Amino acid sequence: MKKIILSSVFALFGAVLFAQTAPVQEAAKTTGPIMTFEQSEIDYGTIDQGADPLRVFKFKNTGTEPLIIKSAKGSCGCTVPSYKKDPVMPGESGEVEVRYDTQRVGPFSKRVTLETNEDIGSRGLTIKGEVRKTVPDNPVPAVSPNVLQGNK
């Protein structure tokens, strides 16, 4: 009988000790600013050289406090993000515009990093696609060097 009581006391003591030292899982964050994007990646597809460079990432502040974008940086000089500097209030929407240099021919995949006042600090957006070289409508014909010198 003593063994049963002693075992029960140890089991109870162990359960209490475990409950005090077990990590507490945090509930999903529901306060503060929360930036929720419609999409975090935009595919330009295959576009012609010199095509419209602008794409827009739309988001909503689904949090409880004003959202502030502190900075937005492209992964290279060919990717230029822009955004409004005003805080986005809870429930309101905003946009991050991204322009890619469509004079650069070939496939691309670029990243835009946003620094915000959210707990996570930074977010990443991606643009990708391929720019196809275009042929001018009226190409200039090649001129023979003899014509330029007056020789026939």
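This is a predicted model: local features need pLDDT of at least 70, side-chain atom pairs count only at pLDDT 80 or more; totals for chains, interfaces and linings use all residues.
Rings of Phe, Tyr and Trp (its six-membered ring) pair if their centres lie within 6.5 Å, and planes under 30 degrees apart count as stacked, over 60 as edge-to-face and the rest as tilted. Residues are numbered from 1 along each chain as its sequence is written, and side-chain values use heavy atoms, with hydrogens and water left out.

**Overall make-up**

- The protein has two helices and eight strands, where helices (H or I, at least four residues) and strands (E, at least two) are DSSP runs numbered from the N terminus.
- Along the sequence, these elements follow the pattern α-β-β-β-β-β-β-β-β-α.
- Of the 152 residues in the protein, 26% are buried; buried means under 20% relative accessible area, exposed over 50%, and partly exposed in between (1.4 Å probe, protein chains only).
- Among contacts with a separation of 6 or more, 65% join residues 24 or more positions apart, a contact being heavy atoms within 4.5 Å.

**The four-stranded sheet**

- Four strands form an open sheet in the order E1-E3-E6-E5, with antiparallel pairing; two strands pair if DSSP finds at least two bridges between them.
- Strand E1 (35-37) and strand E5 (79-83) stand at the edges with a single partner strand each, so one side of each has no neighbour in the sheet.
- From one strand to the next, the twist averages 30 degrees, with axes taken as lines fitted to C-alpha atoms (for helices over the stretch in contact) and angles running from 0 to 180 degrees between N-to-C directions.
- E5 pairs with strand E6 (residues 93-100) in the antiparallel sense, over five bridges.
- Ser82 stands opposite Glu97 in E6.

**Aromatic pairs**

- The whole structure contains four aromatic pairs.
- In one of them, the rings of Tyr44 and Phe108 have centres 5.3 Å apart and planes at 80 degrees, so this pair is edge-to-face.
- Tyr44 belongs to strand E2 (residues 41-48) and Phe108 to strand E7 (residues 106-116), so their pairing ties together parts that are 64 residues apart in sequence.
- Both Tyr44 and Phe108 are buried, Phe108 with a relative accessible area of 6%.
- The rings of Tyr100 and Phe108 have centres 3.9 Å apart and planes at 15 degrees, so that pair is stacked.
- Tyr100 counts as buried too, at 5% relative accessibility.

**Charges over rings**

- Arg55 lies over the face of Tyr44, 3.9 Å from the ring centre; a charge sits over a ring if NZ of Lys or CZ of Arg is within 6 Å of the ring centre and within 35 degrees of the ring normal.
- Lys85 lies over the face of Tyr83, at 3.9 Å from the ring centre.

**The disulfide**

- There is one disulfide, defined as a pair of cysteine sulfur atoms within 2.5 Å.
- Cys76 and Cys78 form this disulfide, with their sulfur atoms 2.3 Å apart.
- The torsion about the S-S bond of Cys76 and Cys78 is about -45 degrees, so the disulfide is left-handed.
- Cys76 counts as partly exposed at 26% relative accessibility, whereas Cys78 counts as buried at 3%.
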